Number of protein chains: 2
Amino acid sequence: MRTVLIETAYDGSGFHGWQIQPGVRTVQEELEQALSFICGEPIRVQGSSRTDAGVHAYGQAASFTGNFGIPAERIPVAVNRLLSDIRVGKAEEKPEGFHARYNAVGKTYLYRVSFTDIPDIFMRNYCYRLNKRLNTGNMEEAATYLIGTHDFNAFRSSGGQRLRTTVRTVCGLSVSETTGREGRAPIAAGGADPGRTEWTFRITGDGFLYNMVRIIVGVLVEVGLGRRKPEDMKDILDSGDRSRAGHTAPAGGLYLERVYFSEAEMDRSKGAPVGTRSDIGKTS
Amino acid sequence: MRTVLIETAYDGSGFHGWQIQPGVRTVQEELEQALSFICGEPIRVQGSSRTDAGVHAYGQAASFTGNFGIPAERIPVAVNRLLSDIRVGKAEEKPEGFHARYNAVGKTYLYRVSFTDIPDIFMRNYCYRLNKRLNTGNMEEAATYLIGTHDFNAFRSSGGQRLRTTVRTVCGLSVSETTGREGRAPIAAGGADPGRTEWTFRITGDGFLYNMVRIIVGVLVEVGLGRRKPEDMKDILDSGDRSRAGHTAPAGGLYLERVYFSEAEMDRSKGAPVGTRSDIGKTS
């Protein structure tokens, strides 16, 4: 019995999330169908994260087992021929018993927020658009309160799986601000849209509660808009009370960037600032 | 009887083109439904261009008539509430008899080509992705042969409407090359993808034959890849023979940027280099 780990990217806007559900298009089902076809046997994949409807991935991980003959390194090219809005980046053989969810030691998520004067229909499924600018310094300050090991109960939606604990470790949370050029709209203006500003939040941790990143971003945005003070983040965290945390940022701004299977890999990741508060905002 | 002109943008990836067809989703039908709702009477819109399935617009124009009461300036806000991947940017009253197609004196189209090492699934419907780099100087040289008034019969697909003439005037065709940052993929790499290069072709003319821009881009790309010489463009043009011109570039890379209703407007347009060969490649 072989075990293979794949890394996959997908545009979540065409899917009702990762997990198979009857009657709707899901990433898991499309991947399983394509992998079953190239492996010549029914394949069931286990994803590291069950991303919600509309959430994107640059680096979701998934594992599967079977007695198929195709060498791991040939899987991406073969399977990508059958896929359009999902792409398998790499595949590698793993020891028996390896599982993409249980062996994951951490993940990095990105969240994209944009300010534009005019809504950009081309970005409607890919970022959280605001019609006001955010104060980056205040958001960076608020973010520092989340770094470390805390009970994140205030930052989770009900409806997730049953949990033994709501304690998680956030080892990095950076905020980066960029202005100008962007993928779609600016082309209309000849390659640059000076009115556009984008904030990218990058958060790395050992695990995330249901909707945790989107609820954290919801608070950060409220801080950025001046509706809350940076210190409010600490009060919300300490309260353990979801109702204090405010709105859940929309799914389309969220991207699962990477899943880690060793601490060393997580530490090395350029995308993930690690540990100390002084790292905040220094990444990318 | 009032006549109103609207300017509209749409993400063509969810539509089977502009023109109403039974059983499929079209831009014209969605717009007509939304406008009929806010006007309180059945509205039929006339578009300046019948964009094909998958083709996008930043500035399609459309006109409609009726006895509705809503002031023109309130139409965008009202109608945009009913739309998702279409957006009405502005609306203005026009004299009776005005028609978005018959009164148009010119248009600007953009075409986006990208080189990336790895296909970017997030851009699959928005640019023509190549796995080789293009020679920009050679494409600029080839483009110069198209400027001016010519019989563009070699650059049209059959299947368009019946025509009195295939003579058209191209008053600007620029090629711009940009490297690096882009809308989607680069975020994964922390905001910059140094491996990415994009070429934007911007073409302005008094009118375009069916598939003319996409066939021109097909030849320009072949020149850029070194498969044809820049001078071949002239031979193809002179031949009037479609079979000499090669492939039609995919729909997803094409954007209707703007429609002009006066020569002055077309000349003023920053996006559209006008007239002389020396303008080529100098724009944006």
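Predicted model: local features only at pLDDT ≥ 70, side-chain atom pairs only at ≥ 80, totals over all residues.
## Helix α1 of chain A

The buried residues of α1(A) are A:V27, A:Q28, A:L31, A:A34, A:L35 and A:C39. Seen down the helix axis, these residues fall within an arc of 140 degrees and therefore line one face of α1(A). An α-helix has 3.6 residues a turn, so residues three or four places apart point the same way.

The cover over the buried residues of α1(A) includes the strands β1 (2-10), β2 (46-47), β3 (56-66) and β4 (86-94) of chain A, together with helix α2 (75-80) of that chain. Just after α1(A), A:G40 adopts a positive phi of about 75 degrees.

## Domains of chain A

Chain A is assigned two domains, domain 1 (2-94) and domain 2 (106-279). Contact between them involves 14 residues of domain 1 and ten residues of domain 2. On the domain 1 side, the touching residues comprise five nonpolar, eight polar and one charged.

## Helix α6 of chain B

In chain B, helix α6 (residues 232-239) has B:M233, B:I236 and B:L237 buried. Around the axis they cover an arc of only 100 degrees, which places them on the same side of α6(B).

The buried residues of α6(B) pack against α3 (136-144), β7 (148-151) and α5 (212-224) of chain B. B:G240 follows α6(B) and has a positive phi, near 65 degrees.

Methods
Residues numbered from 1 in each chain as written. Chains lettered and ligands numbered in written order. Domains from an automatic or database assignment. Contact = placed C-beta atoms within 7 Å. Nonpolar A, V, L, I, M, F, W, Y, C, P; charged D, E, K, R; others polar. Buried ≥ 20, exposed ≤ 12 C-beta atoms within 10 Å, placed from the backbone. Helix = DSSP H or I, 4+ residues; strand = E, 2+ residues; numbered from the N terminus. Arc of directions from axis to C-beta.
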